[in-house]
Amino acid sequence: MPDAADILRLESIKVHFPIQGGLFDRVLNRPAGAVRAVDGIDLNVRRGEIVALVGESGSGKTTVGRVITKLAQPTGGRLLFEGRDMTSVQGTSALRPYRHRVQMIFQDAYQALNPRHTVFDIVAEPLRSLRLVKNGTQLAERVSEALAAAGLNPPGDFVSRFPHELSGGQRQRVVIAGALAVRPELIVADEPVSMLDVSIRAQILQVLIDLRDKYNMALLFITHDLPLAWLIADRIAVLYLGRLVEIGSADEITFNPRHPYTIALRNATPQIGGNPCRAELPALQGEVPSAARVPKGCRFHPRCPLAFDRCRQEEPPTVEVGSRHMSACWLNER
Amino acid sequence: MTNSSQDKAPLLEIDRLSVDYGLKGVSLRAIDDVSFALRPGEAVGLVGESGSGKTTTAMAIAGLLSPNARVSSGVVRYRGNRLPIDDDAAMRPHRWSETSVVFQGAMNALNPVHRVMKQIAEPCVLKLGMSRSEATARARELLELVGIPADRGVAYPHELSGGMRQRVMIAMALACRPSIIIGDEPTTALDVITQAQILKLLGELRSQLNLALILITHDLSVVAESCDRVMIMYAGRIVEDGTVAEIFANPKHPYTRLLIDTIPNPANGKKIIRPIPGDPPNLISRPPGCAFHPRCPSAMGVCATEVPGLDKFGRARVACHLHRSSQEDKVAIHA
């Protein structure tokens with residue numbers, strides 16, 4: 001579905017990491033294979049839209065984020081930003097305009113901040129390296145603006161502090177301020193609240209939602225937490241072993257999931273008020289297989305309680321199962 | 001804090017326990033005046049943010065406090081007998097035989113160069129005086145008990161997935177047939193589906209072996225599905241204690257109420273984000289009076305000066321000035 005408002009489009013993006021075979025394999029000239037971390041993903045993000053990418057560890061969700069921020073090079077497919085093909089653009093200077101518009105927020109604010117830099121230096125860094133300001137006054141203005149937008153008020157109280165003088169929530173705000181300083185149009189946030197104490201998670205989520213509301217910023221929110229995705233996102237994309245198994249509006253995915261994996265994820269999530277989706281499904285056995293040995297057919301079939309013959313043979317296509325709701329499961333054809 | 005009117009005699013009693021950490025000549029109070037009782041077979045969740053003292057409480061019970069910690073007051077009793085919780089050697093006969101701990105990072109807690117079977121058999125040899133072959137048989141039995149085929153016991157920890165390693169940890173904890181298991185964030189590092197499997201296993205083992213469980217977690221929703229009772233901790237003190245049903249349906253302490261509100265709950269269909277203002281308290285500069293008062297939306301004058309006691313309300317307990325006044329004149333509880 002090409003859409004004029006799309007800011008970002010991924011077209012069958014693949015990231016395969018080659019496996020270095022042992023001596024024996026090389027002597028016998030045996031192919032060593034590949035880890036198929038991301039295995040053909042189509043995803044679009046519109047201006048001002050919050051899309052949540054949900055998956056377990058090993059599903060490839062972080063790799064997708066790294067492809068979008070040009071930290072990982074896809075081995076197949078296309079990455080389009082405002083219709084422009086960015087797949088093969090590489091190199092610091094060629095990527096400078098892109099980095100100015102797409103920023104990433106990492107999970108661990110303790111590691112993302114240089115302990116020897118002050119908050120000012122940390123937030124000013126992207127402005128300096130992308131050469132977005134002309135003089136010191138302008139720099140100071142942009143830094144305080146970013147700190148204020150990330151909820152560090154008044155900014156003057158924070159600029160000369162070092163990361164160890166901040167609480168966990170404040171550190172994550174500094175990370176956000178660093179991403180905001182360049183006024184990006186898309187932010188990729190990789191588990192931005194999972195390291196934070198529960199009482200300050202909501203504050204950070206509020207900051208992210210405000211950014212969308214104020215600046216019409218698009219956000220790709222990577223998480224493993226389905227209820228959290230429902231809370232923040234307009235749309236949810238569910239990832240399993242390198243492929244999207246289901247994508248739709250946050251409400252559709254939460255209340256009317258169609259893929260057995262989404263249902264299993266839903267049912268496994270502990271919930272205070274009980275489970276809103278009452279779809280019956282036995283609990284899943286086992287764990288996510290290795291991306292180096294992706295099962296044949298539907299990659300979920302070895303764990304799927306509803307799998308039948310076709311699932312073991314053929315990979316299911318992604319089909320429309322509702323309004324803007326896509327799912328890749330043979331059960332949809334029945 | 002014992003109450004003989006309750007159905008069973010408590011297995012474990014923690015009575016006015018306070019623990020300080022010495023840090024560069026400064027003494028920091030990690031837990032302050034903590035009292036509770038655990039009955040046989042009961043599952044209690046200990047919930048709090050970082051620095052709330054939940055782990056210190058649990059480590060004190062297991063006698064595993066770090067060397068710079070000091071028990072400044074209070075006692076821990078097991079079946080009526082005082083435990084020497086600050087004496088590592090004296091705790092040895094008790095630990096693992098009566099109280100076991102399942103830690104968060106199974107990869108760090110397991111020895112990477114020994115097969116898991118050997119590691120499970122180890123406590124049986126050392127603690128129960130079994131012979132090698134008896135211990136191996138016991139280890140196979142334990143592996144099956146936690147849902148791992150006994151033949152997988154020859155694997156090394158790195159050959160097992162995160163969920164399997166956590167199952168091995170549980171098998172080790174069960175080796176000497178303890179009556180209390182302390183789970184220190186046992187599922188935090190695991191994926192949602194694996195977490196559900198481990199919580200289900202703990203639940204099954206609990207009813208099968210009549211184990212009492214102390215589950216330490218920062219995640220209230222985990223407690224909702226696996227515990228009978230919850231204790232909410234804040235800045236080293238218990239602020240609320242009650243049954244799971246009671247606390248989630250009718251939280252009394254403002255902190256508990258705000259904490260529940262921060263959990264996204266699709267069941268009520270409301271996408272509202274209600275942040276708790278401010279930051280979690282710092283042990284170095286603990287606020288006077290009720291430690292939560294700087295962040296509390298219902299704080300009153302008295303909250304800044306007087307520490308509220310943990311008052312009983314039936315079988316529940318709450319430490320909040322709002323509920324103290326409500327005992328005298330029953331108004332404005334939900335103001």
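## A tour of chains A and B

Begin with strand β1 (residues 6-18) of chain A and strand β4 (residues 76-81) of chain A, which run antiparallel and are joined by five bridges. Strands here are DSSP E runs of at least two residues and helices are H or I runs of at least four, numbered from the N terminus; two strands pair if DSSP finds at least two bridges between them. The model is predicted: local features need pLDDT of at least 70 and side-chain atom pairs count only at pLDDT 80 or more, while totals for chains, interfaces and linings use all residues. Residues are numbered from 1 along each chain as its sequence is written, and chains are lettered from A and ligands numbered from 1 in the order in which they are written.

Within this pair, select E11(A), which stands opposite R78(A) in β4(A).

Move on to strand β9 (residues 235-240) of chain A, which pairs with β10(A) in the antiparallel sense over six bridges. The two form a hairpin with two residues between them, and L241(A) in the turn has a positive phi of about 50 degrees. Y240(A) stands opposite R243(A) in β10(A). Strand β10 (residues 243-249) of chain A has six of its seven residues buried (20 or more other C-beta atoms within 10 Å of a residue's own; exposed means 12 or fewer, partly exposed in between; C-beta atoms are placed from the backbone).

Finally, show both chains: 33 residues of chain A are in contact with 32 residues of chain B (C-beta atoms, placed from the backbone, within 7 Å). α8 (198-215), α9 (226-232) and α11 (260-268) of chain A each supply at least two residues of the side of chain A that touches chain B. Of these helices, select α8(A), which gives the most to that side, with nine residues.

Methods
Contact = placed C-beta atoms within 7 Å.
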